[in-house]
Amino acid sequence: MKTYDVIVIGGGLAGFMAAAVAASRGQKVAVLTYGSGSLPLASGAIDFLNAKAPDAAIKNLPAHHPYKKIASKNIDAAAKFFCDITSQGNLPYVGRLSAQIPIVTAVGTLKYSCLVPESMDASNLADKKKIFVVEIAGLKDFYGAMLVDNLKKYFPDKTFEVTKIDLKLLGGRDITCMDAAQILTDKEQPLANELKALNATADDAIIIPPILGVMGSFSRDVVKTQLKAEIIETTCLPPSPPGLRLQRAFIKYLQKAGVRILENSKVIRGVVEGKKLTGVVVENVVREKVFPARKVILATGGFYSGGIVMRDFDNPREPIFDLPVFFPTGAENWSNQNLFDDKPQGFSMTGILTDANLNPIDENGKVLYENLHVVGANLGGCDKIFERSMGGIAIASAYKGAIL
Ligand SMILES: Cc1cc2nc3c(=O)[nH]c(=O)nc-3n(C[C@H](O)[C@H](O)[C@H](O)COP(=O)(O)OP(=O)(O)OC[C@H]3O[C@@H](n4cnc5c(N)ncnc54)[C@H](O)[C@@H]3O)c2cc1C
C-alpha cells in the first residue's frame, strides 16, 4: 500500500493549510476528514491577535503560548503563503501582521483583523462622502437601519442611505446569505443593474451583505467593473459565503497539487512503533483501513470539531492517540462568571501541549510521538477566542507542522 509522506487528519483551515504547505514542498499528501470543519461558518477573516501591531505583541507572549513555539519567522511565512494561495484561487486577501484592517459586521460594528478578503476591506470608508447600505428583499439577518445606527458611531459626519433591492430570490421562504450567494454565482447581472441604479459616485461606498458568489472573487469582479463606487461586503451570521470561498480556494489548490482529500474518513487510532507512528487507521463499515505515513499532522479542531472530547467534567480526552489534554484544574479556574469578561476563560485554554516542534508532550514535557505534529484549534495554553488568534494560530501552526 502507498505510504504517504504526510497524512493530515482534519479538513478545516489548519488541515488544509498544512496539506497545501507540504504539497508545495513536493511531498505526497493525503487529508483524511469526516466533516467540513468550521470554514463555511467562519467570517473569512484571519485574526492573528487583538493588538494594534500583532507582530510586535506576539513577541511579548509567554513561552508556553503556541505562537512562541511556532516562532515569528514562520508566522510571517505562513501569512505570505496563505495570501499566495488565495490569490492563485482568485480570492485576494489584503493586510499584514503589523496592523489591523477594519471590516463591517452585519450589525454595523467594525471588526479588526490582519488578513481579510479584499471584498470586505473597509479601510477606505473614512474617506467616502456617502455610504449606501443595500438590503436584499427576503434576506434574513441583515437590517440596514440597524447597521447604519451602529456605523454612524464610527463615522458621525458621513451621509448614509439605506435602500432595499428586490432580486426576486424569494421562493416563499426567507433566504440566507449563503442561499443568495449561491443563486447569484454566474448570475450577477440583476444585482449589478440594481446597484448601478443607485448612481453612486467614485467618492461613495456601497455596503452589501456577503452575497457576491461562492467562487473566489469572480462575481465581485463582474459587479465591481460596472460601478464607480467601492463595493464592500459585510460579515454575516453562519453559514458564511466568505468562509466557503476560502474553503473552495484551498480545495482547488490541493487538487491541483495532487493532494488526496478523503471525506467521510474518520481516523480512530494510530499505528504505533515505539515513539513513532507508521500510519493511521480509518473507521469503515466493512473493515478498518490503514493509511501508512511517514509523518502525521493532527488538525482535528479541538472542542469544536471533536478533536478533543469531554464526556466527564475534569476529563478532557484526545480520542485518536489518547494524548494528554491540558486544562485548568478547579472549578474556580474553569470559567469566569461573566462570559464576556475582560479576562480569558479557563475552559478555552483546554488543549494539547507541545514542544517547539509541535510534537505532543506529556505532563513532564516528554515527547510522545516524534512524527506527530499538533496544529490549529487542538493547541492548548491560550484562550484563542479571547485573544482573537484562531485563524492566525491555525495557519501559522499548520505551516510550521508541515515544514518540519
Ligand atoms: C462561527 C465561526 C466564526 C469564526 N470566525 C473567525 C474569524 O472571524 N476569524 C478567525 O481568525 N477565525 C474564525 N473562526 C475560527 C476558524 O475558522 C477555525 O475554526 C480555526 O481556525 C480552527 O481551525 P481548525 O482547522 O483547527 O479546526 P476545524 O475547522 O474545526 O477543522 C477540524 C476538522 O477535523 C475534522 N475531524 C475531527 N475529528 C476527526 C477524525 N477523528 N478523523 C478525521 N477528521 C476529523 C473535522 O471534521 C473538521 O473537518 C471562526 C470559527 C467559527 C466556528
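Predicted model: local features only at pLDDT ≥ 70, side-chain atom pairs only at ≥ 80, totals over all residues.

User: What share of the residues count as buried?

Analyst: 47% of the 404 residues count as buried. As for contacts with a separation of 6 or more, residues 24 or more positions apart account for 71% of them.

User: Which domains does the assignment give?

Analyst: Domain 1 covers 4-93 + 245-403, and domain 2 covers 106-234. Their centres, taken over C-alpha atoms, are separated by 33 Å.

User: How many residues of each domain are in contact with the other?

Analyst: 18 residues of domain 1 are in contact with twelve residues of domain 2. On the domain 1 side, the elements that give two or more residues are α4 (72-88) and α9 (241-256). That side divides into eleven nonpolar, four polar and three charged residues.

User: Now the ligand. Which residues are the closest to it?

Analyst: The closest are Gly-12, Gly-35, Gly-301, Gly-376 and Gly-391, out of 38 residues that surround the ligand. Elements giving two or more residues to this shell are α1 (13-24), α10 (302-305) and α12 (390-403).

User: And how do the residues of the shell divide into nonpolar, polar and charged?

Analyst: There are 18 nonpolar, 18 polar and two charged residues in the shell.

User: On to the inside. How many residues has the largest nonpolar core?

Analyst: This core has 115 residues, and those with the most contacts inside it are Ile-7, Ile-9, Met-17, Ala-18, Ala-19 and Ala-398. Helix α1 supplies the largest share of the core, ten residues. Domain 1 and domain 2 each contribute at least three residues to this core.

User: What is Ile-9 in contact with, leaving aside its neighbours within four places in sequence?

Analyst: The list includes Leu-32, Val-267, Val-280 and Ile-320. Ile-9 is also in contact with the run Val-296, Ile-297, Leu-298, Ala-299 and Thr-300.

User: Different topic. Where is Ser-38, and is it buried or exposed?

Analyst: Ser-38 sits in the loop between β2 (29-32) and α2 (54-59). It is buried, because 20 other C-beta atoms lie within 10 Å and the cut-off for buried is 20 or more. Leaving aside neighbours within four places in sequence, Ser-38 is in contact with Gly-12, Gly-301, Tyr-304 and Ser-305. Gly-12 and Gly-301 were also named among the residues closest to the ligand.

User: Which residues have a positive phi without being glycine?

Analyst: Asp-186 is one of them, with phi near 70°. Arg-388 is another, with a phi of about 55°. Asp-186 lies in the loop between α6 (177-184) and α7 (189-196), and Arg-388 in the loop between β15 (372-374) and α12.

User: Are those two buried or exposed?

Analyst: Asp-186 is exposed, with 11 other C-beta atoms within 10 Å. Arg-388 counts as buried, with 21 C-beta neighbours inside 10 Å.

User: Last one: which peptide bond is cis?

Analyst: The bond from Pro-238 to Pro-239 is cis, with omega near 0°. Pro-239 is in the loop between β10 (230-233) and α9.

Conventions: Residues numbered from 1 in each chain as written. Near = placed C-beta within 6 Å. Helix = DSSP H or I, 4+ residues; strand = E, 2+ residues; numbered from the N terminus. Nonpolar A, V, L, I, M, F, W, Y, C, P; charged D, E, K, R; others polar. Core = buried A, V, L, I, M, F, W, Y, C linked by C-beta atoms within 7 Å. Buried ≥ 20, exposed ≤ 12 C-beta atoms within 10 Å, placed from the backbone. Domains from an automatic or database assignment. Contact = placed C-beta atoms within 7 Å.
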